[in-house]
Amino acid sequence: MLVSCNNSSNSNKDSLVFRYNEHKNIGSLDPAFSKDLADIWATHQLFNGLVQMDNKLNVIPAIAKHWAITDSAKTYTFTLRNDVFFHKHKLFNQDSTRTVNAQDFEYSFNRLRDKSIASPGSWVLSKVENFTAVNDSTFQINLKQPFPAFLGLLTMKYCSVVPKEIVSHYGTDFRSHPIGTGPFKFKRWEENLKLVFRKNNNYFETDSLGQNLPYLEAIAITFLPDKQSEFLQFAQGNIDFVSGLDGSYKDEVLTADGQLRPKYANDVKMIRGPYLNTEYLAFFMETEVNTIQSLKLRKAINVGFDRDKMMTYLRNGIGIPANGGFIPKGLPGFDASVGYTYQPELAKQLVSEFINETGIKNPEITLTTTSNYLSFCEFIQRELQKTGLLVNVDVIPPSSLKDAKANGQVDFFRASWIADYPDAENYLSLYYSKNFAPNGPNYTHFKNEEFDKMYEASYLETNPDVRAKLYTKMDSLIMDSAPIVPLFYDEVVRFSRKNIKDLGINPTNLLELKSVRKTKD
């Protein structure tokens, strides 16, 4: 009977394990290095910061139970909870744990700034003058200037709290021996094979009924390197969840209009929603190539292909055609009317005018991309050929394209921008003249004095409605100059088994598992 009971208990616990695959692998479980989505998903289960983002992009309390913003929006004073404990570890006191205090945040933020650590997230504190632990429960941050998006920045995993005594003990090996405060705690990591987290029974958050979170017993992550194998594991019921729509299985699981095929409808749930990711083509504005220097040709490319048709054929309707500007749908400042729509006759006219003005009878341009987006670029190539513009498509490795666009070595290239934090300022920073790559994200080297003045004015505008209108004006100004060709605003699409409950969705594509329930099949 005892054996039978134990087997039953293990079976119940096994049914509460959430399994997913991470095809891009995970580089570090240290939140100071949570740059890629794969790392962010993992560290989000293990760590907390002062604040967090809900599914509607509202900043809500986490370890800070409330805060005050004073001194003309330059001073942020956070009051911390007193019931947040680090995961248990023998290096702590006799209880093997301790509560988080303001000094821990002071240490964590200093570590983020430490050049010897070389965290890719150090830029998050670039607008911070100083910070201090006023006492155990009060942490204060002073900014150099007002920055309305600052609370959103603090939700990033870079700003998580870590314990000094554990980090000091492990040094760089903290990446594989993480101790945080999150809903799950680190159990085991066989790199390239499997990563396991277990439920944190001391977690401080509860649900609306006062029940302790999380509900799951564990998370198990595998590392199959390709999306096709990942989907096969999902179809066989070996993993619980798949994110994104890959070309290797999109037609297998979805109809042309983006609906689940009947063979999956009984066992699989699909959820989709806006994703703060703009996919686009970009021109290097300091090039001497005359086809790129021509505003007429840049506009001809913008109006010369059908984005709706592109999304239907190449993405099964997943994603929103980018007929607006660079700011994606879902953010204040988005305006569907500031961009370009499909106008094939206008495109032909603009190309014809370019030919007459320059005497170049067969204008051509080279578009550099990676293999993942070749189908999109070939679609645009075919469409633009009808206008009289020849587009050559050059495919190079992702790492090569990353270096080339940072150093101004490609004149016309495919790119994407996923929000670092949910504010349109993050998108508009790509067109601020002081952010020229490689020292900033302005890969196009777009420069406009009027834009720069509005961008700097947006920092000082505390009224969100006024700031949103300012963002729209800046976006409109960018599109008038056409240094880019927006393709589509992405959507988060998730497939899960029917026995997975409350797996939400959010515009930053964060994987939130603390409120997920798993029932028996």
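Helices here are DSSP runs of H or I with at least four residues, strands are runs of E with at least two, and both are numbered from the N terminus. With that in hand, P438 sits in the loop between helix 15 (424-428) and helix 16 (449-460).

A word on the ground rules. This is a predicted model, so local features need pLDDT of at least 70, side-chain atom pairs count only at pLDDT 80 or more, and totals for chains, interfaces and linings use all residues. Residues are numbered from 1 along each chain as its sequence is written, and side-chain values use heavy atoms, with hydrogens and water left out.

**The whole chain**

The protein chain has 17 helices and 19 strands. Its radius of gyration, taken over C-alpha atoms, is 25 Å, close to the 24 Å from the globule rule for 521 residues, so the chain is as compact as a globular protein of that length. That rule is 2.2 Å times the number of residues to the power 0.38. Along the principal axes, the C-alpha atoms fill a box of roughly 85 × 60 × 40 Å.

Of the 521 residues, 53% count as buried (under 20% relative accessible area with a 1.4 Å probe, protein chains only; exposed is over 50%, and partly exposed is in between). Take the contacts (heavy atoms within 4.5 Å) between residues at least 6 apart in sequence: 67% of them join residues at least 24 apart.

**Around S160**

S160 belongs to the loop between helix 4 (150-154) and helix 5 (164-170). This serine is buried, at 3% relative accessible area. A polar atom of the S160 side chain lies 2.7 Å from the backbone oxygen of K157. Beyond its neighbours within four places in sequence, S160 is in contact with P31, F47, N48, G49 and S108.

| Bond | Omega |
|---|---|
| L213 to P214, cis | near 0° |
| A437 to P438, cis | about 10° |

P214 is found in the loop between strand 9 (194-199) and strand 10 (218-222).

D502 has a phi of about 65°, and N509 has one of about 55°. D502 lies in the loop between strand 18 (500-501) and strand 19 (517-518), and N509 is likewise in the loop between strand 18 and strand 19. Buried or exposed, what is D502? At 52% relative accessibility, D502 counts as exposed, while N509 is buried at 6%.

Notes. A polar contact is a pair of N or O atoms within 3.5 Å; within protein, one must be able to donate a hydrogen and the other to accept it, and residues adjacent in sequence count only if both atoms are side-chain atoms.
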